[in-house]
Structures are given as structure tokens and as C-alpha cells.
Amino acid sequence: MKAQRARRTELSAWRALAEHASEIGGLHLRSLFTEDPERGERLSLEAAGLYLDYAKNRITDRTLRLLVQLAEASDLRAHIDAMFRGAKINVTEQRAVLHVALRAPRSASIRVDGRDVVPGVHAVLDRMAAFAERVRSGDWTGYTGRHIRNVVNIGIGGSDLGPAMACEALAHYSDRDLAFRFVSNVDGTDFAEATRGLDPAETLFVVCSKTFTTLETLTNARTARTWCLAALEDDAAVAKHFVAVSTNAAEVSRFGIDTANMFEFWDWVGGRFSVDSAIGLALMIAIGPSRFREMLAGFYAMDEHFRSAPFERNMPVLLGLLGIWYTDFLGARTHAVLPYDQYLRRFPAYLQQLEMESNGKSVDRAGQRVDYATAPVVWGQPGTNGQHAFFQLIHQGTQLVPCDFIGCCESLNPLGPHHDLLMANLFAQTQALAFGRLASELRAEGVPDTQVPHRTFPGNHPSNTILLPRLTPEALGALVALYEHKVFVQGAIWNINSFDQWGVELGKILAQRIAPELSSEAAPEPPHDSSTNALIQRFRRHRSGR
């Protein structure tokens, strides 16, 4: 791809955007809407059942044209085609990146190293469905013959954040006779609280680890095994209370799990892109196979839109380009995601991994240090809670914080005026951020001059609004795919590898070295810097004194 050979800041499209940003720096959203009364309808888009209003962004038609030119100059179309055909675009690990194959229909064909992977995907989905139905119907029982009442997912990163987010997002559709809990933190408190009040005879653990060697996951899994056997007192019970999502049959078997109950996924599926793979087994048990397939249909609908729509009418492309506009040309360093739906409470946390682990990189695909900003810090929580927490900073603080507002036209739990009030707040916040409140308006209302500076809202704060008809499995699939592809777009334009995560490795390596040094039997002088040594010695003294 020719654009990989040129530094992004050397592209004429990049330079044109930098010049354009300085030209329109003082332009306010108030004037943009005044000059274009149809702006709200014009700068909107519908795809895969989602509606995007991007009119409240600090952009003109020229901004959009220049951003699309940057996408074209960065060979974005070639990058998209390479992903969908199974090319090894994860260049540091020489792997394909094919989460899109996880939701492809049976009739599709996607090849990796000459082999069509779609039949294998559907074979695993069929095995997952059969197992999920057995658990949901009570046909699968625990070691003592009692029905499974509790499902505990053990994983970390994408093996936890994805299914945990989706189980909460789709709780409305969940089998309420089953309880679902999630353990990820190696802090023993996480396991202790997740299993508090559960009966081991009625509990199924889903252990998610591709290699079945992940330190945190296996530590929690071994603790779960001990917890289970303390009550059931027979190693044979493990096969009835544990299943695995992994590719390492030898380690799964060594743990005591029947490999007939091991559900495969592949090295071309990154953890943070895996909720629609076997990693979603707990979710499938919760909502049932048919609802899970509805979610896959939503993913696929957004995939097809992303693959085929022209850039100027392509929802993931537009979101990605707008993010680049704020990050690289207007100096934004964070991005807020604000779902106005309590079921989406975990969605910002899910996006934190998806976006920051993917694009939190400082070297390009060739290993050269970049001379521009990459991923912003992603944060947020549900409205209306955030309005009483951090919206003060967004409205009147000193930082530019682009926001994504996400809402549903229809509530799954209609209670009196609640949903109308919720959505009124969403619409009002985007309006207040965009247009603010002028000092002249305050004075006209009789506000004392001493208070005017404190009550003035500058406005001109950008936002996108994404509306779902209602939060269905299909809508969730489309929403997650939208952000997956947004991440892909930004990685392609920044010329970074969005699909490795070497930044998580060093701390884990050092932790394995330090862990045995915390014992009182270890050498008295740890071999580290003075700060780390002092912390280790203090920890030892406290533990021995206890």
C-alpha cells in the first residue's frame, strides 16, 4: 500500500487539513446552523438500523471533503479490502484480522492461507447453541444431578469486557432463572464476591483463555476449581462444572475439563473483537441461541455497510474521520461516550479497551515513531448520572471533549415519564454543548453582572448522537461493529497496527519476576530500582508483622 511509505504528516491531504483547521478555528456552531438551516437533516445518516446525527460537529462541507481525501490518500479502501479477504494485516504477529468472519452467513466464503474459515465458525456456533440449550433447558446438570442456576465467566480483557458488557446490555432478554457473574481481576476479592452466596453444585464456570495459560485467568480458574471441589469432593466434578473457550486442548484436559466441552476460536480473532465468538458462550446461555444469532445479524449488517458504502456516507468511516479531526487538528486528548440507557452502563468500559488497546500506539507499521497524536483517552458513564458528575468540565472547563451520545427511541422498561425525561436530557445536553448561553442572553434575563461570567456557557462543544430504535440484540451487534470499524479506520489512517497489544506485556513479565520476591524467604535485597525495592520491603515487613 503506497501510503504506508509516506509519513502521514507529509501527505498533502494532511497538510490541507492542518491549514483548514487554522482557517476555521474561530467558527462557532451557532453560525454554522444559522447559515445552513437544513444542516441538522443534511448531516445525518442511517445504516444497519442506527441513526447518526453528526451535525453538531465543528466541521464544514470542506472539512468533510478534506477528511475523505485523507482517507483516500491513506489507502483506506485497500485496507478494508485486505481485512475482508483475510490478508495478514496484523503485521507484527503475521496474522489475519477476521472478526468479520465470526458473523458472516453460512453461504459466505472467507479464506485464510487458502482455507475457507466460515464453515468452522458455524460449526463452533452450532456446538455453542447445542450446549447453551442444554444448560437453559436443565438437560445439562451438575455433578450431583442438580440444575445449573449460576454461570460464572472467568477471563480478562476482551474475554471479560465483551461478554460482561453484552450480558448487561441484553439483560432484558436473559433467562432470569439463571444468574451470570464475571471474574477477571486477579485480586481475590473479585472471585470472593462473584461466588458469594452461590452453591457449587449449581454453578458452571466458563473459562476463557485462548492459550489456557493467561496468568490472571488461570489463577482465578484454579481458585474456582478448589472452591468447587471443596464442596463436591471428587475431581470428576470438574468436567460437569467447567467448560473452556480455548485452543489449547492439552492444557484444558490437564485442568480436568472434557475437551468435548472446549469451544474453539482462532488466532485471527483478537480478544477485544471476540464477543461474537465462543467468548460469548455465557451470553448465548443468557439470551439463547436465536437471540445470539440476531446479534450476529446486526454485526453483519454494519459490516456490509462499512464494506460497501462510499466514505462520505459510511457511518464507521465518518466517526473515525471526525475523531481524527479532533485528535490531530483541534487538539482534543479525550473522547467521552455517554449512553443514555442503563443497560449500556458497561459500554464505555468496553470501548476503553477496544479503542485504547487497539490504537494506543506511538510507532507506525514500519516501526517508525509517529509525529502526530493517535488514540485519545476514552471515558464516560450513563446519562443522566454523568450530568451530575463531570458534565461541568465538558460545558465550562478548559478542555475540548468531543462526545458520543447514544440513546434509544423506545424504552425496554416504560415507566411513566421516565424515558421521555431521559431522552429530553440527551437532546438538551447536545444542544447546550453546541450552542451554549451567551452573556448577552443572561443579562437580558436579569442575571446580575457579578454572576454572568459564572453562568455563561461558551458552547461550540462537538457531539455525535447515535439513536437506536430500541436496544435489541441486533441493534447491539450493529453498535459494537460500528465502533470496531471506527477503530479500524483510525488505525489505517494513522498507519498503526490496531491489532497487537505489546504494551500489556512488560508489566506482566515484571510481575512474574516480582511475585516470588514478596515471600519472606526471598533474598533480603530485591534486584530492582530503589523505589521498587523499598515498596517490596515495606510489603514484606507489613506481612511478617501481621
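This is a predicted model: local features need pLDDT of at least 70, side-chain atom pairs count only at pLDDT 80 or more; totals for chains, interfaces and linings use all residues.
Residues are numbered from 1 along each chain as its sequence is written, and side-chain values use heavy atoms, with hydrogens and water left out.

Five strands form an open sheet in the order 6-5-7-8-9, with parallel pairing; two strands count as paired if DSSP finds at least two bridges between them, and the elements themselves are DSSP runs numbered from the N terminus, helices being H or I of at least four residues and strands being E of at least two. The edges are strand 6 (179–183) and strand 9 (262–263), each of which pairs on one side only. Further in, strand 7 (residues 203–208) runs parallel to strand 8 (residues 242–245) and is joined to that strand by four bridges, and C208 stands opposite V245 in strand 8.

Helix 9 (residues 215–232) packs on this sheet, touching strand 5 (150–154), strand 6, strand 7 and strand 8, and its direction makes about 160° with that of strand 7. Contact here means heavy atoms within 4.5 Å, and the angles, on a scale from 0 to 180 degrees, are taken between N-to-C directions of lines fitted to C-alpha atoms, for helices over the stretch in contact. Among the residues of helix 9 that are buried are E216, L218, A221 and L232, where buried means under 20% relative accessible area, with a 1.4 Å probe and protein chains only.

My last stop is N314, which sits in the loop between helix 13 (289–308) and helix 14 (315–329). Why does N314 count as buried? Because its relative accessibility is 0%. Setting aside neighbours within four places in sequence, N314 is in contact with L45, H305, F306 and A309. As for E46, that residue is 268 residues from N314 in sequence, yet the two are 9.3 Å apart in space, C-alpha to C-alpha.

Key. Buried means under 20% relative accessible area, exposed over 50%, partly exposed in between (1.4 Å probe, protein chains only).
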